[in-house]
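Subject: Handover of a structure for your study

Dear colleague,

Please find below the sequence and the structure that I am handing over to you. My notes on what was found follow directly after.

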Amino acid sequence: MVSSPNLNRCFVVAFLVSSVTRLYAEPERVDFSSQIRPLLNKHCTSCHGGVKQASDLSFIYEQQVLDSGIIEPGNPQESELLHRITTTDPDLRMPPVEEHPEPLSRREVELITLWIEQGAEWDGHWAFRKPAPPDVPDVNDTLWSNTALDRFVLAKLENEGLRPTDESEPTEWLRRVSFDLIGLPPTEQELLSFLDACESNSDNRLATYQAEVDRLLVSPHFGERWASMWLDLARYADSQGYEKDNHRHAWPFRDWVIAAFNADMPFDEFTLKQLAGDLLPEPTADDLIATLFHRNTQTNDEGGTDDEEFRVAAVIDRINTTWTVWMGTTFGCVQCHSHPYDPFRHEEFYQFMAMLNNTADHDLSNDYPTLTYPENKDKQELESTVALTREHKALREQLNREGVALAEGCADWTKLFPTEVSSSHGELEITDDHLVRVVGGTIPANSRYFVKTTATELRALRVEILPESDDPAKWPERGSVLSQIKLTLELADGTSQPVEIHDVIADYLAGPFDPKDSLQENHQGFGGYPKLHGPRWAVFVLKQPLAPPAGAVLSLELHQKASTSGGQSIHLRRFGLTSSADPAWSSLVAAEDRGVRQEELQSLAASLQQLKGTPIPIMQTRSRDYSRPTRTFIRGNWQTRGDLVVAGVPETLHELDLANPGRTELAEWLVADDNPLTARVLVNRIWSELFGIGLVETLEDFGSTGTPPSHPALLDHLAVQLQQEHTWHIKPFLRDLVLSSTYRQANRITPELLERDPRNRLLARGPRTRLTAEMVRDQALVTAGKLSPKIGGPSVMPPQPEGVWQAVYSGAKWKAATDADRYRRALYTYWRRTSPYPSFMTFDSPSREVCSPRRIATNTPLQALVTLNDPVYVELSEHLAVRVMDRADSLPEDWIREAYLIVTQNQLTNTTVTELVALFEATRSEYEKAVDSEAETDHDRAAMTVVASAILNLDEALVK
């Protein structure tokens, strides 16, 4: 007898349910986030997720699943999902046999069965829920756990049958905390003072530790150390990126970051100033400089590139960076499709984009808009520049608004009929509706157009630029730009006379002019900053009414400017001409008040032109009157536009309840009390800086495919503590961490612990992490006694191997400093994106072309080749050798012990000192044989230099 499929199905499911019931006499609740969602991501979402939704089913969205009927909560027997994953029919089984030959394991099926039986509750992903203060667990060893942080750690250790490691030696802790807080090793004097304090206060060592931490937190070097972390996130560089990679004046932003960390600026304020400092009421120069965070995007100055394409690329980079830095989420893939695993829809990417899409920058080689930073770096002069720029912008926009209102209210615009057209490049034609049209494609930049039209009485002339299509979705995003116009009246007797233009009024889409744009000289043109798609217009108001005699024609010469297009062809397809004889235009010209304000505007512009200094890129918003419309990009292609979107944030997160939010509202949303991610992401990043690995290892991905937290309750406790108890202040938060028993553990490992927890995820021992690229250099400088104490200022060029830096276009060269700048901290080294400082790259630093949320530490032979052979380390090894030989006893062993103490803050073991003395003797012998006996060579110094280099390369020297 052949059994029915339905009977088979019921039997299989009933068997599973009974098995689960037997297996779990009192089954615990199945957790959707940690047990079911990973199974769905692993087996289902490739076909039923955010990218592909076969059968209109996505396992990312709860309502879609419930509406599909594939799950019957509480009733596994009637759930199609369970039938599909258990059937032996290859045509019905999920996941499909051809893609996944092996079915779900029995354990996986049991979990899904139990979950459905328990009601199929669909919890949101843990990271998308606001952290609540967790209960601090009880522990057995109350003496060790002197903080809530320690009790969370100890509770897990006790649950695992483990105990914490004993407290580290004071010297080990001092080296660790000094690097972690200021990025530098303790000096000999600091080491001796600390050890003396420990000895004199042996009954209360914690108080000594607290005093040492307080000293480090107020050090000006604190800001330098933490700025180094932030500059990776901000993709800070001294160059623009891409092929030419020309110089960019960005160092004032670095100085601002250093000062912000030193002042312990609350992180919510730190966020607001970087994302929207220019939008604060009466922003200061520092507020504007802070916005360079999102001007660190790359600029493509290569010939033939499309400014609009790379403006869009910069905006997309700002979106991705914002989500990486503050939200720790892989939002970038939503540019092309809905998120494969997390509940972020494709259109939500562009709703978020709308909040960042209204800035004035436009991939220009001069990095416009900029703030002129005075050559003398005088702060008062800088603030005067800010006030002058603000006044000029406000007056310019006021005058233009008045003109726009008149232009839009004018009722007598009359079409002019072109009679003859030509172009310096390409072909023009006159259409049936009396427009001038480009024939056969686009016209190159730097083209000129010549149009003659029958002259009529006019007081104003309007040029309208039109795209080829009347469908807004098909408008090209490249700029349809005219940069200059010249009017001439050609008389019947063959003579001609120029027509003077008094005023230029541009539509709101044209936006505010760059005051340094030469197009504004003598009001003979209107600017193309920034270029936008769609209809555009500009009105040229004549100085005197024009009533041409019989037979005269009006000749227009229109220019298209290469510098506003990247030197490429532009999608200028159609333009039309209209005129107006409305007396209101003459009244505008004659208006005494407007004339006074125009003279004032010209005076302000002249003052801005005369400013001398460094142009610093800053953010500048465009008025909402001429804000950019934002559309979805179909499959992420910026040239294929979809529907218009309204600015907003993903629905799955906390609300942003505002009709038309901008960058200010975005910044406030990121640090709002209801934001589930920002505080978690920040404390996790700080934890990673101290312990070498985050509580969530994937700093850049808190989503459902990122690594789950090793200590979820601890992560939430720290997030709430930073946000509420410390009100976003980082210094007191760091103080708590480095004084905790967890941090103060020694880094000793037993074979058992190595097998149980090789990566120290349970925190049963203290951190032992490699120095960063910057710390390796800075330690060598400190130990050699050569570190420059200077804080801030322009980037410097220390020595680097010859032939590394190739500046093909600019002709720039790496000029190694010969003064104290040679010994500046690594933070100040010139950072060229296409050719970063080579020793930094070898020690895992990024190129900073994009945001870099995590450096993954490596240990390769190349690193030893750098520290043994790089000219910087050779020179500093010699300085270290001279330093110990000048002040220690005459025996080589004393020099070696002194050098080792300076570098590692520890005493040498007898075995190691024997090996290093042998190295010294062998090296000196080699020098004595190789060097001409008549040459004046200090063999001891040369040999000690080799030993100093070896010490700087020891494992004890390269870890915290």
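A crossing of two helices is called left-handed if the near helix is turned anticlockwise from the far one by less than a right angle, and right-handed if it is turned clockwise. Helices (H or I, at least four residues) and strands (E, at least two) are DSSP runs, numbered from the N terminus. Please note that this is a predicted model, in which local features need pLDDT of at least 70 and side-chain atom pairs count only at pLDDT 80 or more, while totals for chains, interfaces and linings use all residues. Residues are numbered from 1 along each chain as its sequence is written, and side-chain values use heavy atoms, with hydrogens and water left out.

Helix pairs

Helix α8 covers residues 188-200 and helix α9 covers residues 205-217; they pack at an angle of about 150°, with their axes 9 Å apart. Axes here are lines fitted to C-alpha atoms, for helices over the stretch in contact, and angles run from 0 to 180 degrees between N-to-C directions. Angles under 35 degrees count as roughly parallel, over 145 as roughly antiparallel, 65 to 115 as roughly perpendicular and the rest as oblique. The pair α8 and α9 is therefore roughly antiparallel. On the α8 side, the contact (heavy atoms within 4.5 Å) is made by Glu 190, Phe 194, Ala 197 and Cys 198, and on the α9 side by Thr 208, Tyr 209, Glu 212 and Arg 215. These residues divide into four nonpolar, one polar and three charged. In this scheme Ala, Val, Leu, Ile, Met, Phe, Trp, Tyr, Cys and Pro count as nonpolar, Asp, Glu, Lys and Arg as charged, and the others, Gly among them, as polar.

Helix α7 (residues 170-182) packs with helix α22 (residues 730-739) at an angle of about 160°, their axes being 11 Å apart. These two helices are therefore roughly antiparallel to each other, and their crossing is right-handed. Trp 173, Val 177 and Leu 181 of α7 meet Leu 734, Val 738 and Leu 739 of α22. By class, this contact has six nonpolar, no polar and no charged residues.

The axes of helix α10 (residues 221-233) and helix α11 (residues 251-262) come within 8 Å and cross at roughly 125°. Helices α10 and α11 are therefore oblique to each other, and α10 passes α11 in a right-handed crossing. Among the residues that make the contact are Trp 226 and Trp 230 of α10 and Phe 253 and Phe 261 of α11. The contact of α10 with α11 comprises 10 nonpolar, two polar and two charged residues.

Backbone features

Most residues other than glycine have a negative phi, and most peptide bonds are trans. Asp 264, in the loop between α11 and α12 (267-276), has a positive phi, near 55°. The peptide bond from Met 94 to Pro 95 is cis, with omega near -5°, and Pro 95 is found in the loop between α4 (80-86) and α5 (106-117). Tyr 368 and Pro 369 are also joined by a cis peptide bond, with omega about 0°; Pro 369 is in the loop between α15 (346-353) and β1 (370-374).

Yours sincerely,
A colleague
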